Amino acid sequence: MATIAKIPSKSGFKFKAIIKHNGKIVKCKTFVRKGDARAWAKRVEADRELMVAMGSAGAIMTLGVCRI
C-alpha cells in the first residue's frame with residue numbers, strides 16, 4: 001500500500017511516495033509534484049502485483065533504507 005507524505009522544503013513542499021508491504025517500508029522516493037508521486041507508486045505496485053501473479057521469484061521486494 002502506498003502513502004503520499006507532504007514534506008516541507010526550502011522551496012515549498014515535496015511529496016514522498018512510501019510503499020509498505022506487511023507494515024514495513026519497502027520503497028520510497030521523493031518528488032516535486034504530487035501527481036508524479038502517485039503515478040510512481042501506482043506503477044511500482046502494479047509491477048509487483050504482476051510479478052506475483054506470474055509466480056516470479058523476484059516478486060519479493062527487499063527492504064531498503066528509507067528516511068522519513
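Predicted model: local features only at pLDDT ≥ 70, side-chain atom pairs only at ≥ 80, totals over all residues.
Strands β2 (residues 12-21) and β3 (residues 24-31) run antiparallel. They are joined by 7 bridges. Within this pairing, Lys 16 stands opposite Thr 30 of β3. The two strands form a hairpin, with 2 residues between them. Asn 22 lies in the turn and has a positive phi of about 55°.

Helix α1 covers residues 34-54, which makes 21 residues. From its first C-alpha to its last, α1 reaches 31 Å. This is close to the 30 Å expected at 1.5 Å a residue. Gly 55 follows α1 and also has a positive phi, near 75°.

The helix has a buried side. Ala 37, Trp 40, Ala 41 and Val 44 of α1 are buried. Seen down the axis of α1, the buried residues fall within an arc of 95°, so they line one face of the helix. These residues pack against β1 (2-9), β2 and β3. The face of α1 turned away from the buried side carries exposed residues: Arg 38, Lys 42, Glu 49, Ala 53 and Met 54.

In soluble globular proteins, nonpolar side chains tend to be buried together. The largest nonpolar core here has 8 residues: Phe 15, Ala 17, Ile 19, Phe 31, Ala 37, Trp 40, Ala 41 and Val 44. Two or more of these residues come from each of β2 and α1. The helix α1 gives the most, with 4 residues.

Ala 17 is one member of this core. Leaving aside neighbours within four places in sequence, Ala 17 is in contact with residues including Ile 4, Cys 28, Phe 31, Ala 37, Trp 40 and Ala 41.

Note on methods: Residues numbered from 1 in each chain as written. Heavy atoms only, no water. Pairing = 2+ DSSP bridges. Expected span 1.5 Å × (residues − 1). Buried < 20%, exposed > 50% of the residue type's maximum accessible area, 1.4 Å probe, protein only. Arc of directions from axis to C-beta. Contact = heavy atoms within 4.5 Å. Core = buried A, V, L, I, M, F, W, Y, C linked by side-chain atoms within 4.5 Å.
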